[in-house]
Amino acid sequence: MRNILTCLVTLAGLLAVQPALADGDAVAGKKAFKKCAACHAVGDGAKNKVGPALNGIVGAPAAQVEGFKYSANMVELAEGGLVWDEETLAAYLHKPKDVVPKTKMSFAGLRKDEDVANVIAYLKTFE
């Protein structure tokens, strides 16, 4: 029963984020992405920085950017099938350590659902 309740609570949380993802604003996402830009790059000629370049990240399998050295935990999760779909990205952008517990990324996360949806919409423009 406890497991069923945990699954329902998790599903409810994902469903609460779902409408926001569909309504993301790429223009506003460019502004919100500035919090990410110290470590990540997107666009023509984007290169790995402290974090990997994020072109094509939406829908991509995790830990696949060539030339970037991922944490062992990220590689393990990628081998287990982690994919950066919109729901997983939303969870990661909110609280990275909830998705990848031993991530090297020190970013605490974006607090606002709107910022998360906008960043995802922005990232989708670099596919």
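Trainee: How many salt bridges does the count come to?

Mentor: This is a predicted model, where local features need pLDDT of at least 70, side-chain atom pairs count only at pLDDT 80 or more, and totals for chains, interfaces and linings use all residues. Residues are numbered from 1 along each chain as its sequence is written, and side-chain values use heavy atoms, leaving out hydrogens and water. A salt bridge here is a side-chain nitrogen of Lys or Arg within 4 Å of a carboxyl oxygen of Asp or Glu. By that rule, the count is two.

Trainee: Which residue forms a salt bridge with Asp115?

Mentor: In this pair the closest N and O atoms are 3.8 Å apart. Asp115 is in helix H6 and its partner is in the loop between helix H2 (26-32) and helix H3 (72-79), so the bridge ties together parts 80 residues apart in sequence; helices are DSSP runs of H or I, at least four residues, numbered from the N terminus. The partner is Lys35.

Trainee: Is Lys35 buried or exposed?

Mentor: Buried means under 20% relative accessible area, exposed over 50%, and partly exposed in between, with a 1.4 Å probe and protein chains only. Asp115, at 17%, is buried. Lys35 has a relative accessible area of 51%, so Lys35 is exposed.

Trainee: Which side chain meets Glu86 in a salt bridge?

Mentor: The N to O distance is 2.9 Å for this pair. Glu86 is in helix H4 (residues 86-94) and its partner is in helix H6, 38 residues apart. The side chain is that of Lys124.

Terms used. Helix = DSSP H or I, 4+ residues; strand = E, 2+ residues; numbered from the N terminus.
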